[in-house]
Amino acid sequence: HRLLETGAATEEDLKAIDKQAKKEIDEALALAKAIPEPNGSELWDHIYVKGAEVPYLRGRVPEEVHYYSNVE
């Protein structure tokens, strides 16, 4: 590690940073797992700014088209 070579950080510093990063990841993962998955009808909500919505969006293939139900 260049940080060790230049003296910018010690092995203990890097271990503490790694430990903190793992803790934050574990907390975020636990939160994500605790939140229920949205149902499929909400998948396309909040993609566009109100008033800029498109009436439909083509999917992976031309035959796959999603029509927005909340477009006014």
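Asp 18 and Lys 22 are joined by a salt bridge whose closest N and O atoms are 3.3 Å apart; the term denotes a side-chain nitrogen of Lys or Arg within 4 Å of a carboxyl oxygen of Asp or Glu. The model is a predicted one, in which local features need pLDDT of at least 70 and side-chain atom pairs count only at pLDDT 80 or more, while totals for chains, interfaces and linings use all residues. Residues are numbered from 1 along each chain as its sequence is written, and side-chain values use heavy atoms, with hydrogens and water left out.

Asp 18 and Lys 22 are 4 residues apart in helix 2, so about one helical turn separates them. Helices (H or I, at least four residues) and strands (E, at least two) are DSSP runs, numbered from the N terminus. Asp 18 counts as partly exposed at 38% relative accessibility, and Lys 22 is also partly exposed, with a relative accessible area of 49%. In these terms, buried means under 20% relative accessible area, exposed means over 50%, and partly exposed lies in between (1.4 Å probe, protein chains only).

The structure holds 3 salt bridges. Another of them links Lys 23 to Glu 27, with the closest N and O atoms 3.8 Å apart. Both residues lie in helix 2, 4 residues apart, about one turn of the helix. Lys 23 has a relative accessible area of 45% and is therefore partly exposed; Glu 27, at 46% relative accessibility, counts as partly exposed. A further salt bridge brings together the side chains of Glu 64 and Arg 60 (3.2 Å, N to O). Here Glu 64 is partly exposed, with a relative accessible area of 30%, whereas Arg 60 is exposed, its relative accessible area being 71%. Side chains of opposite charge can pair when their charged atoms come close.

The charges may also be considered over the chain as a whole. The protein chain carries 9 positive and 15 negative side chains, and the centres of the two sets lie 4 Å apart. In this count Lys and Arg are positive and Asp and Glu negative, with His and the chain ends not counted; each charge is placed at NZ of Lys, CZ of Arg, CG of Asp or CD of Glu.

The overall architecture comes next. The secondary structure of the protein chain comprises 2 helices and 2 strands, and from the N terminus on the elements run α-α-β-β. The radius of gyration of the protein chain is 23 Å, well over the 11 Å that the globule rule gives for 72 residues, so the chain is more spread out than a compact globule. This radius is taken over C-alpha atoms, and the rule is 2.2 Å times the number of residues to the power 0.38. Along the principal axes, the C-alpha atoms fill a box of roughly 60 × 30 × 25 Å. Of the 72 residues in the protein chain, 4% are buried. Among contacts with a separation of 6 or more, residues 24 or more positions apart account for 6%, a contact being heavy atoms within 4.5 Å. The chain exposes about 6800 Å², of which carbon and sulfur atoms supply 57%; accessible areas come from the Shrake-Rupley method with a 1.4 Å probe, and for residues only the protein chains shown count as cover.

Tyr 67 has its place in strand 2 (residues 65-67) and is exposed, with a relative accessible area of 58%. Not counting residues up to four places away in sequence, Tyr 67 touches Pro 55 and Tyr 56.

Glu 53 lies in the loop between helix 2 (11-34) and strand 1 (56-58). At 27% relative accessibility, Glu 53 counts as partly exposed. Glu 53 and Tyr 68 are 15 residues apart in sequence, and their C-alpha atoms are 8.5 Å apart in space.
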